[in-house]
Amino acid sequence: MGHRRCLDVKRSKGAVHLMDMDGTADVPLAEPAMLLAAVREHDQAAFTQLVAALDRDLLRLAYVITGSHQAAEDAAQAAWERLWQKPPTLREPAKLRAWLLTVCANEARQTGRRQRRGAALEARAASGSAPTADLTADLADLQVALGRLTTSDRELLALRFAVGLASAEIAEHLGLSPEGARTRIHRLLQRLRRELSHD
Amino acid sequence: MTEALSSEDLEIGRQIRVLADTGAPIRDANAVVRTVISRSPRRSLLRLPMALAASGVLALVVVVGLVSIDYADSSSSPASAHVGGVPIGEFNLGGTTYGISVARSIDLRDARLTEMGEARQNSGFRTEGSTVYQVDDVDPGHVLVMKLIPGERDDAGSIGEYLVLVRGNGFALLCPYFQVGDPLAPSECG
């Protein structure tokens, strides 16, 4: 993996920049405190700016958790609706992105529980059937392997690799120690490697 | 974000990112916003009533009844619980008394609600069924909730989505479920 392609959060003077590490995108999120205040006043332009900057992160996170395009869109949409209807009061407005990710992950987990009740995701993982027709074989295998993990494990990996949070940020997000987060990630990757090598 | 992962681990991480990208199409932000606003009850004319409801005129907590849970011991055998002498179900909780309270602005949308038993209560407010829930890992010996039927109101307006059953310092345990600075939050939340 010569060139990781992960988003990183760069903070300077209160602003948050979402930077794609291979340089193909750099979407500045100017002054989250101001944007959040504007959203409270129902400023659609500010809200649109937030959606433009962060929607794909929410979708990535929710997709890895749920394994479903529709469920991912539903979870992201629910997060945006929550922000619009009841914007949070954050002591650190720079954590708006983390707040959105938390809300989206919660929505995705709930979707996952509903899916389990319908025996969708787990049955698919157990049967080994191809999860999504438009995936390459490797990615399809990976998705099946992810489906065998718990929801919280998928969330952990999604935060790390799909969204690009550092272990310290993940630890704060999930209430773990940074070392604990790193250890869990390492073990999960080992498990995925084993499963993928057997497929 | 390198953090000493092996090249094999990083390769799987890269594949997770690629997989995530397949589930994350670039959506038209304006379309997303339009959908959000179209579904939002808070848009346009509904803002005024909401502002009034949040004006702080309303008391946070209205004790409207008492739940008493009579319980023999804390073994696995459940004991019956009562509201004002009316049997309300069975709980694996110690014998205790709860106040039934209204918390208009409590937000439990992200909370995990765990069914603790069935109950009937005498507050006069209508609940969705009779299930009593634990909120996340909050001590059910201090806090339980029941889901209200949407639209339940008192003289001051909507009473929110949940009836809260509280005893002891339970209100303080609920602070994470109110926004910072919420004038309707319990006084314990500062």
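Predicted model: local features only at pLDDT ≥ 70, side-chain atom pairs only at ≥ 80, totals over all residues.
In soluble globular proteins, nonpolar side chains tend to be buried together. The largest nonpolar core of the model comprises 64 residues. Within this core, the residues that touch the most other members are A:Phe47, A:Trp80, A:Leu83, A:Leu100, A:Leu157 and A:Leu192. The element that gives the most to the core is helix 2 of chain A, which spans residues 44-66 and supplies 13 residues. The surroundings of A:Leu83 can be given in detail. When residues up to four places away in sequence are not counted, A:Leu83 touches A:Leu36, A:Val39, A:Phe47 and A:Leu50, and also A:Pro88, A:Leu96, A:Trp99 and A:Leu100.

The side chain of A:Asp57 makes a polar contact, at 2.7 Å, with the side chain of A:Arg97.

Helix 7 (residues 151-163) and helix 8 (residues 167-174) of chain A form a crossing pair. Their axes come within 9 Å and cross at roughly 140°. Because of this angle, helix 7 of chain A is oblique to helix 8 of chain A; an angle would have to be over 145 degrees to count as roughly antiparallel. The crossing of the two helices is right-handed. On the side of helix 7, the residues that meet helix 8 are A:Glu155, A:Leu156, A:Leu159 and A:Arg160. Their counterparts in helix 8 are A:Ser167, A:Ile170, A:His173 and A:Leu174.

Positive phi values occur at two residues described here, one in each of chains A and B. A:His42 is not a glycine, yet its phi is about 65°. A:His42 is found in the loop that lies between helix 1 (32-40) and helix 2 of chain A. With a relative accessible area of 13%, A:His42 is buried. In chain B, B:Asp136 has a positive phi of about 45° and is likewise not a glycine. The loop that holds B:Asp136 lies between strand 6 (131-135) and strand 7 (143-147) of chain B.

Conventions: Residues numbered from 1 in each chain as written. Chains lettered and ligands numbered in written order. Heavy atoms only, no water. Core = buried A, V, L, I, M, F, W, Y, C linked by side-chain atoms within 4.5 Å. Buried < 20%, exposed > 50% of the residue type's maximum accessible area, 1.4 Å probe, protein only. Helix = DSSP H or I, 4+ residues; strand = E, 2+ residues; numbered from the N terminus. Contact = heavy atoms within 4.5 Å. Polar contact = N/O pair within 3.5 Å; in protein donor to acceptor, adjacent residues only side chain to side chain. Axes fitted to C-alpha atoms, helices over the stretch in contact; angles between N-to-C directions. Parallel < 35°, antiparallel > 145°, perpendicular 65-115°, else oblique. Left-handed = near helix turned anticlockwise from the far one by under 90°.
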